[in-house]
Amino acid sequence: MRFNRILLSSTLVVVALVVQVTILGRLQLPGAVPDLLLLTVVALSLVYGATSGALLGFGAGLLADLSPPADHAAGRYALVLCLIGYLAGLARPDNGRFRSAWGPMLTVLAAAVGSILLYVGVGALVGDTAERHVGLGSLLFTAVLYDLLLAPFTVPFIMALARRAENDPMAVEANGGPAQGADVSSGWLAGGTGLRIGTQRGGLRLRTSRGRANRAGRIKGVKGVKNVKKL
């Protein structure tokens, strides 16, 4: 992994973990807790690919295992996020672009379901069943619901930051350049509706300025003809 990747990924993982422990974990929501750390790993894996996603997921999961108030066996969540990061990286298209919001949305959905199933499965193997009193069905439903509600406010911006830190040309295209398809980070927000707000505004301004210039030219032409007739 490059230095920019390591620095950005480490910062985002630490911030996500702090927010999850200090804010999201204290909301006392029914069922699961919104997993901001999972969304961060998925977003970065969609930009960096499978190998980097696996390494990033393992590091993020291990940090969560060792951070209070973790009450499960160390390495359990590291294994889960390692697999999630690898699989999410495999979902990244070859050109790095999703043409609609469905790609990232389905990836987050699969990651939310897969993380719960893997977490419970690994816990059953090592005899750690602290979450049994909640119920698997309740955990799955609430985890998917919370993650899908939180994803639109986090995933596209994390992916955009990753693109910018990499100095990726597609990040320039997504910010107003001549892109042939929706960028990974912009597809989440604009893909579902087909709207390209920044491009539309630029085109509207250009058409408005051209229209004014044409009208000014026609007015000058008419005045010139009148002056010639008077002479």
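This is a predicted model: local features need pLDDT of at least 70, side-chain atom pairs count only at pLDDT 80 or more; totals for chains, interfaces and linings use all residues.
Residues are numbered from 1 along each chain as its sequence is written. Local features need pLDDT of at least 70, side-chain atom pairs count only at pLDDT 80 or more, and side-chain values use heavy atoms, without hydrogens or water.

Helix H2 (residues 36-48) packs on helix H7 (residues 155-165) at an angle of about 45°, with the axes 9 Å apart. Helices are DSSP runs (H or I) of at least four residues. Axes are lines fitted to C-alpha atoms over the stretch in contact, with angles from 0 to 180 degrees between N-to-C directions. From H2, residues including Leu-39, Ala-43 and Val-47 meet residues of H7, among them Ile-158, Met-159 and Ala-162. Contact means heavy atoms within 4.5 Å.

H2 also packs on helix H5 (residues 102-126), where the axes come within 10 Å and cross at roughly 130°. H2 and H5 are therefore oblique to each other. Leu-38, Leu-39, Val-42 and Leu-46 in H2 meet Thr-107, Val-108, Ala-111, Ala-112 and Ser-115 in H5.

Ser-115 also touches Val-80. Val-80 lies in helix H4 (residues 76-90). Val-80 is buried, at a relative accessible area of 1%; buried means under 20% (1.4 Å probe, protein chains only). Beyond neighbours within four places in sequence, Val-80 contacts Ser-115, Leu-118 and Tyr-119. Val-80 and Ser-115 are 35 residues apart in sequence, with 6.1 Å between their C-alpha atoms.

Definitions and conventions:
Helices (H or I, at least four residues) and strands (E, at least two) are DSSP runs, numbered from the N terminus. Buried means under 20% relative accessible area, exposed over 50%, partly exposed in between (1.4 Å probe, protein chains only). Angles under 35 degrees count as roughly parallel, over 145 as roughly antiparallel, 65 to 115 as roughly perpendicular and the rest as oblique.
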